[in-house]
Amino acid sequence: LPIYDPEAVVHDRGTGLSRRPTPADVAILFRSRDTHREFERALSAVGVPSFVYKGRGFFDAAEVQDVVALIRYLADPQSPLRAAAFCRSRIVHLSDRALYVCGERLVEVLQARHPVEDDPRLPTEDARVLDQVRHGIRRWRALADRVPPAALLDLVLAETAYAWELGGTGAQQAHENVKKLRAMVRRFQNRGY
């Protein structure tokens, strides 16, 4: 791999002149999409802007997976797999340690039927998050049959301040992806699903 050379110059295609390189002169090619997020974070940490070009499909984007996890959980809150996906999403953001402590009783923990707050293995921040998400889930489930799905989705995303999670590199695209998914939910609901 070439190492960074502060004295490097590039040939500008537009002007034909030599100049110092800019971030737009650099491309990182990936064989798969598995590791691009690590590169995005590293570049962002040093103030280098980045853009993933055709790096992921719509349903592979993290924000779309987060919202789909929410929808799937609200559709079947008794599913341990859907509960775990929802808790790992950036909507809830439970740590791996907290999921380990909750274990097979995650569904019961989320429905406040199995307390884990007194477990010394549960990190304090996760106990706070669990308390908040339980209150939210109780209200969201009560509203699920009373308000249209798109309205419930908007409510949950607003109450959880999910928009804050979409900051940083790629924020504009992430917001557009969530907007597109919300529009899809509205279309499905308007068709009677």
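Residues are numbered from 1 along each chain as its sequence is written, and side-chain values use heavy atoms, with hydrogens and water left out. Because the model is predicted, local features need pLDDT of at least 70 and side-chain atom pairs count only at pLDDT 80 or more, whereas totals for chains, interfaces and linings use all residues.

In soluble globular proteins, nonpolar side chains tend to be buried together.

Leu130 is in contact (heavy atoms within 4.5 Å) with Leu94, Cys102, Val109, Leu110, Val116 and Leu122, when residues up to four places away in sequence are not counted. One of these partners, Val116, is placed in the loop between H5 and H6. With a relative accessibility of 5%, Val116 counts as buried, since the term means under 20% relative accessible area, with exposed meaning over 50% and partly exposed lying in between (1.4 Å probe, protein chains only). Under the same exclusion of residues up to four places away in sequence, Val116 touches Val101, Cys102, Val109, Leu122, Leu130 and Arg134. From C-alpha to C-alpha, Val116 and Glu63 are 28 Å apart in space, and they are 53 residues apart in sequence.

Asn177 counts as buried, at 9% relative accessibility.

The second largest pocket contains about 450 Å³ of space. On a 1 Å grid over the protein atoms alone, a pocket is an open set of points where a 1.4 Å probe fits, with protein on both sides within 12 Å along at least five of seven lines, and its lining residues have an atom within 4 Å of a point. Of the 19 lining residues, those closest to the pocket centre are Arg37, Glu40, Arg41, Arg90 and Thr169. Helix H1 (36-45), helix H2 (62-75) and helix H9 (171-190) each supply at least two residues of the lining, which divides into 4 nonpolar, 8 polar and 7 charged residues.

Three further residues lie in loops. Ser79, in the loop between H2 and helix H3 (80-88), counts as buried at 14% relative accessibility, and a polar atom of the Ser79 side chain lies 3.1 Å from the backbone nitrogen of Arg82. His93, found in the loop between H3 and H4, has a phi near 70°, a positive value in a residue other than glycine, and is partly exposed with a relative accessible area of 43%. Ala112 lies in the loop between H5 and H6; phi of Ala112 is likewise positive, near 60°, and this residue is partly exposed, with a relative accessible area of 44%.

Methods. Grid points are joined across faces, edges and corners, and a volume is the space filled by probe spheres set on the points. Helices (H or I, at least four residues) and strands (E, at least two) are DSSP runs, numbered from the N terminus. Ala, Val, Leu, Ile, Met, Phe, Trp, Tyr, Cys and Pro count as nonpolar, Asp, Glu, Lys and Arg as charged, and the others, Gly among them, as polar. A polar contact is a pair of N or O atoms within 3.5 Å; within protein, one must be able to donate a hydrogen and the other to accept it, and residues adjacent in sequence count only if both atoms are side-chain atoms.
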